[in-house]
Amino acid sequence: MTAARRRELEEIFGADRVEDTPITRRLYSQDLTALSLVDRRHSADEALPDAVVWPETVHEVSRLLRWASEGKVPVVTYGGGTSLRAATMPSTGAIVCDMKRMKRVTRMDENSMIVTAEAGILGEALQHELRLVGLTLGHFPPAFYGSTLGGFLATRSAGSLSTRYGPIEDMVISLQAVLPDGSIVKTRTAPRSATGPDFNHVFLGSQGTLGIITRASLRCRMAPATRTFAAYKFADWNDGVTAMRLMMRKGLLPAAVRYSDPPETARTFARMEDEPDGNVLVLVFEGHDRRALLEASIAAEIALSCHCTQLGEEAARHWFDHRFAEAYRRSPVLAEDGAYMEVIDTAATWSRLPTLIASLRDALAGEGRQVSLYVANASSVGASVCLTVQGHTPAGEEGKTLQAIWTAALSTIRQGGGTVSYRQGIGPWQIDALKEELGVGYDLLRDMKRQIDPNGIMNPGAFGFDRTS
Amino acid sequence: MKPVLNQHFKSIEFCTYCPKMCRFACPVAEVTGHEADTPWGRQTLMHLVREGHMDFDADVAAAIYRCATCSLCTEYCDHNNKPYEVMLDMRAEAVKEGIEPSEVEEFRQFYSQHNNSYGDNLQARIKTLLPEIYFAKSSQVIFVPSGSHIVHNPSVIQDTFKIFEAMEIDHVSCHVGEVMDTGAHLRELGLMEQYHANAKKLSEALAGYKTIVSGSPTVVYELKVMYPKFGYELTPKIYHVSEFLWPFVRQGRLKVRRRLTQKAIYHDSCRLGRDLGVYDPPRDILREVLAEPPAEFARNREKSECCGGQGAFPWIDQDASIQIAQRRLGEVYESEKRLLVTACPMCERQFRLADEKLDVVDLVSVVARVV
């Protein structure tokens with residue numbers, strides 16, 4: 001970065017909140033994307049940002065973007081840096097805007113059960129504040145401990161209890177965001193509005209391409225007073241899927257409904273004594289009164305009508321207590337040269353789900369490779385599928401193997417009527433599939449990007465939008 | 001340097017590929033928001049150095065000193081990783097290679113000048129605090145005072161002996177000698193040569209006793225855990241003062257005049273709690289002297305948050321260390337507890353620096369108020 005540019009940034013942030021040391025640039029050049037992690041085992045070449053800045057107010061964000069627009073400097077917004085889809089990986093010469101100093105809870109409206117917080121607050125920190133007043137957001141994505149509210153919003157994430165509490169878009173009441181020209185957009189905090197298209201949804205899932213989300217007001221729930229656990233084992237995989245569908249059709253609202261195939265079951269319960277095996281459905285109901293118990297008993301009736309055996313509550317309790325374990329899984333695998341592990345997520349309607357799952361299993365199977373999956377976050381319409389693909393290749397071949405896995409997965413998802421992404425967002429390798437899924441919608445999205453960000457400064461490359469798109 | 005990194009291979013690699021699941025627990029990262037200040041960031045730097053993608057230079061060395069070694073990250077690690085152990089070992093390497101931050105050199109000079117971390121003649125000062133009788137060598141139980149208490153809050157030491165007297169524990173003498181400091185900060189800053197010289201002398205001075213007691217978890221941890229690790233095995237049993245007092249309290253030896261009616265909240269120090277596993281004795285004692293049991297922080301016991309004073313971190317970045325303490329105090333203000341009780345001089349000092357108006361009291365001084 002030139003000395004002049006640095007001085008300009010220092011005028012906005014002060015010298016201590018602008019950094020361009022080699023270690024800072026290096027650490028902010030990566031996120032947790034498997035493809036890039038395995039590539040970096042063999043090469044130190046990477047796109048480095050020019051500098052990192054830490055805004056503390058929305059006005060500083062506004063000044064930054066105005067400055068960047070004028071100078072046509074790319075800006076990448078950074079929360080926890082835990083994206084699995086390269087959402088925060090900067091292009092060369094970018095300025096990384098780390099939001100973690102904007103982490104205040106600015107309003108706790110206990111009466112209306114709405115919390116307003118700045119985008120840089122970590123998921124656990126926000127939940128901690130809510131816990132102190134007996135509330136919960138109910139949003140627990142796998143990397144909950146490491147990621148920020150802004151990351152949840154910009155990714156359009158979902159969590160392990162989203163069946164009951166909804167994914168993040170269901171929680172957002174209003175947003176504040178800064179557009180690339182520095183103007184500040186605020187939506188109204190009201191229970192609902194019929195004021196034309198919902199601008200919140202423009203920013204949700206935008207992966208930092210349209211501006212920077214700086215604050216959000218979110219719907220909260222009472223922290224549950226009761227919680228019940230149940231687990232069932234199905235001899236036939238499809239019987240478990242049917243049980244889930246029937247439960248949701250009846251309007252049951254479990255906090256968690258998670259159905260794992262045998263390899264996923266083995267992983268999930270590996271540390272449990274007397275661990276279950278086979279196809280295991282875990283149910284967690286929580287709430288404030290007898291409804292949780294009542295719903296659990298109705299769920300049991302449905303499950304048993306679908307040819308299963310009851311496993312008791314221990315397995316479900318174990319899963320709940322270790323529900324973030326899947327986020328820790330990759331480390332021991334990726335620590336080994338030649339090893340790879342990728343998480344692929346999709347969602348489909350109940351009519352398509354069984355076939356799609358069978359096709360994905362076939363498409364991703366390979367020698368020396370393990371494919372495991374679970375179905376979760378169900379509704380009356382359908383459910384999400386989360387697949388983990390793990391294996392070994394000769395060192396140096398990991399990236400190629402992962403690309404091949406993705407190609408097979410995306411093609412199968414497209415043919416099977418699933419969505420390209422359920423909760424992780426879109427990586428560069430998913431763009432063609434995204435174009436196909438959105439159709440004309442992709443052109444509209446690109447036009448909107450041009451309109452809002454004519455200089456293409458915001459997270460260039462994301463969604464396949466470069467500076468000239 | 002490479003052998004040290006290879007020795008920590010698993011720890012470094014597991015952190016490098018982790019989605020930063022402990023980051024919210026890292027007090028330094030929470031106040032700065034900087035990725036380099038997270039356990040992931042520091043370990044990733046170690047990974048890059050180990051792989052040869054980055055030099056072990058002064059910038060990297062500066063980053064590894066920005067860990068308060070509070071060990072809370074480990075509580076949220078499914079793999080029981082201990083990134084702070086890597087940082088401590090690599091600090092020693094940084095010193096060997098002469099790339100340590102300037103603050104470390106300043107500390108080295110300070111320590112050499114005063115023969116302790118606190119900047120006073122501790123030997124002379126302790127003699128002014130207690131009657132001569134307590135320095136007699138005949139006792140089998142020796143109390144090792146905290147340097148921080150001697151300099152910053154000497155009344156805690158006087159309160160300790162007042163309680164011993166009130167409880168008729170008359171077999172404890174107070175340590176005074178050439179070495180009054182365990183040298184914990186030397187080790188934490190990687191100054192191992194001075195640390196060894198210091199540890200050798202102090203361990204020899206304390207060798208003849210049957211029991212060692214201290215009001216400082218840092219002292220207890222150093223003598224009980226770190227000295228043996230570095231070859232200075234001490235035969236005496238070593239206790240924090242709360243562990244030492246509790247059996248006597250349980251026997252009814254503490255005659256409470258009138259229980260304190262102030263509302264109190266108890267803060268677990270990292271060293272006393274996570275590192276030494278002492279959670280209940282301070283609480284048990286407080287229940288005997290308070291009208292109402294002490295309140296708890298939402299994150300308490302194993303999950304207790306750091307005060308910012310650990311790991312010699314105030315020597316590296318005092319502003320950040322105080323911000324860490326202020327962050328912890330947020331909950332005290334919200335709970336309207338008037339008395340913040342801790343059993344660690346480091347925590348006590350940090351909280352006082354963070355808010356001089358707050359009533360921060362050592363456990364021992366709370367007890368002294370009722371005897």
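How many residue pairs are in polar contact between chain A and chain B, counting those with both residues at pLDDT 80 or more? The count is 19. Keep in mind that this is a predicted model, and that every value I give is computed from it.

I'll stay with the interface for a moment. Helices H2 (22-27), H5 (123-132), H14 (325-328) and H15 (330-334) of chain A each supply at least two residues of the side that touches chain B. H2(A) gives the most, with five residues. By residue class, that side of chain A divides into 22 nonpolar, 11 polar and 11 charged.

Overall, the contact takes 44 residues from chain A and 37 residues from chain B. The area buried between the two chains is about 3,600 Å², and carbon and sulfur atoms give 62% of that. On the chain A side, the residues that lose the most area to chain B are A:Ile23, A:Leu27 and A:Tyr328, together 20% of what that side buries.

As for charge pairs, there are three salt bridges between chain A and chain B. One of them joins B:Arg299 to A:Glu124, with the closest N and O atoms 2.8 Å apart.

Next, backbone geometry in chain B. Most residues other than glycine have a negative phi. B:Ser71 has a positive one, near 70 degrees. B:Ser71 sits in the loop between helix H5 (58-64) and helix H6 (72-75) of chain B, and is buried, with a relative accessible area of 4%.

B:Asn115 also has a positive phi, near 65 degrees. The loop here is the one between helix H8 (102-114) and helix H9 (122-129) of chain B. Is B:Asn115 buried or partly exposed? Partly exposed, at a relative accessible area of 29%.

Last, the cysteines. How many disulfides are there over all chains? The count is zero. Take B:Cys174: the closest cysteine sulfur, in B:Cys344, is 18 Å from the B:Cys174 sulfur, so the two are too far apart for a bond. B:Cys174 counts as buried, at 2% relative accessibility.

B:Cys307 is in no disulfide either; the nearest cysteine sulfur there is that of B:Cys347, 3.7 Å away.

How values were computed:
Residues numbered from 1 in each chain as written. Chains lettered and ligands numbered in written order. Predicted model: local features only at pLDDT ≥ 70, side-chain atom pairs only at ≥ 80, totals over all residues. Heavy atoms only, no water. Contact = heavy atoms within 4.5 Å. Buried area = accessible area lost by both parts, 1.4 Å probe. Salt bridge = Lys/Arg side-chain N within 4 Å of Asp/Glu carboxyl O. Polar contact = N/O pair within 3.5 Å; in protein donor to acceptor, adjacent residues only side chain to side chain. Helix = DSSP H or I, 4+ residues; strand = E, 2+ residues; numbered from the N terminus. Nonpolar A, V, L, I, M, F, W, Y, C, P; charged D, E, K, R; others polar. Buried < 20%, exposed > 50% of the residue type's maximum accessible area, 1.4 Å probe, protein only. Disulfide = S-S within 2.5 Å.
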